[in-house]
Amino acid sequence: RNMRLEEYEGGGWGLQGGTAEMAAQNAALKELLATREEHLSAQTKEMTDLHSCEQRKKKELKLWVKEKLGTAQQELAGIRHDLMNDVKAEAEALLTAVPLMAAAAASQFEQYVAAGKFVMMDDLLKRYKKECRMRKDLYNQLMELKGNIRVFCRVRPLSPNELAAADKDSKSAEEANVVRVPEDHPDEITLIGRLAVRHYEYDRVFTSTSTQDQVFEAVEPLVLSVLDGFHMCIFAYGQTGSGKTHTMTGSAHDPGVNLRSLRSLFRIADERREFCKVEITASALEIYNESISDLLCPEVQAAGGLGGFQ
């Protein structure tokens, strides 16, 4: 019995020693875990700081690019504005020079007549035609300086339905109008959208108060170029209800570009009837649902042909 008791007590001491060793290992593991957690926390903080720094750098880069792009756009707009001013100045100079040269030619003609230098009528006619060609060349140079392709924009007034909708939303007509024409840039429009504000630039902008006379005044010089042998096309483009028919056709008391152009053509042709013969032909075609209809010759349409149009 004594021997067994001693063995049990010895085993108890061994158990106590193992527990102390495990406690020491547990403490060491806890210390290691705390160190690892501290290290992990430091790395997490470092990663967060790096991410914040990256986001800040991206934001700074975006602002820098936006600033540089805005500066470049302003410089480009300034260069374009200067070029347009130079072209307009040259065009205005030519516009002034044409009547001056015509007056000088007329004065020279009178001097020649008074001096009796014209022996034959053919010589007089040749000199007159030469002056006409010179004037025509100068005039067409003026048209080319203004641009062979020109894009105009005409802003229509708000429709009754749009005004009613604005009144229902307690908005004034000015607040409901999403198209603005800046006073300092009369050749631009500002489109105020729901998500962004956009700016568009044209060769000429007509506001909602512009008249049919003002619109035709901008395109009338092209009509004269037609009688000088140049090809010319005027057309209106826009969505349904944007005012194309009003601009091109107009009404009986306030006609549009079409009728005014024809009147100008016949007037100029009549002025030149003593020196040249002008032959004018017309066609009116309608394009609807990918088919072409001849509005002036319905019998051609009935016969199944449109003079070569398919």
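This is a predicted model: local features need pLDDT of at least 70, side-chain atom pairs count only at pLDDT 80 or more; totals for chains, interfaces and linings use all residues.
Residues are numbered from 1 along each chain as its sequence is written, and side-chain values use heavy atoms, with hydrogens and water left out.

The protein chain has eight helices and seven strands; helices (H or I, at least four residues) and strands (E, at least two) are DSSP runs numbered from the N terminus. Of the 310 residues in the protein chain, 15% are buried, a term that stands for under 20% relative accessible area, with exposed meaning over 50% and partly exposed in between (1.4 Å probe, protein chains only). Among contacts with a separation of 6 or more, 49% are accounted for by residues 24 or more positions apart, a contact being heavy atoms within 4.5 Å.

A search of the whole structure finds one aromatic pair. Phe152 and Phe206 form this pair, which is edge-to-face, with 5.9 Å centre to centre and 75° between the planes; rings of Phe, Tyr and Trp (its six-membered ring) pair if their centres lie within 6.5 Å, and planes under 30 degrees apart count as stacked, over 60 as edge-to-face and the rest as tilted. The pair links distant parts of the chain, since Phe152 belongs to strand β1 (residues 152–154) and Phe206 to strand β5 (residues 204–206), 54 residues apart. Phe152 is partly exposed, with a relative accessible area of 29%, whereas Phe206 is buried, with a relative accessible area of 3%.

Strand β3 holds Thr190, which counts as buried at 11% relative accessibility. The side chains of Thr190 and His199 are joined by a polar contact of 3.1 Å, that is, a pair of N or O atoms within 3.5 Å of which, within protein, one must be able to donate a hydrogen and the other to accept it, residues adjacent in sequence counting only if both atoms are side-chain atoms. Leaving aside residues up to four places away in sequence, Thr190 touches Val178, Val179, Arg180, Pro182, Val197, Arg198 and His199. Gly193 lies in the loop between β3 (188–192) and β4 (197–201), and Gly193 is partly exposed, with a relative accessible area of 40%.

For "binding site", an unreviewed UniProt entry lists Gly238, Gln239, Thr240, Gly241, Ser242, Gly243, Lys244 and Thr245; such annotations may be inferred rather than shown by experiment, with feature names shortened and positions given in the numbering used here. Ser242 is in the loop between α5 (212–227) and α6 (244–248) and counts as partly exposed at 24% relative accessibility. A polar atom of the Ser242 side chain lies 2.7 Å from the backbone oxygen of Gln239. Gly243 also has its place in the loop between α5 and α6, and Gly243 is partly exposed, with a relative accessible area of 29%.

Glu290 is found in the loop between β6 (285–288) and β7 (291–294). Its phi is near 65°, a positive value in a residue other than glycine, and at 83% relative accessibility Glu290 counts as exposed.
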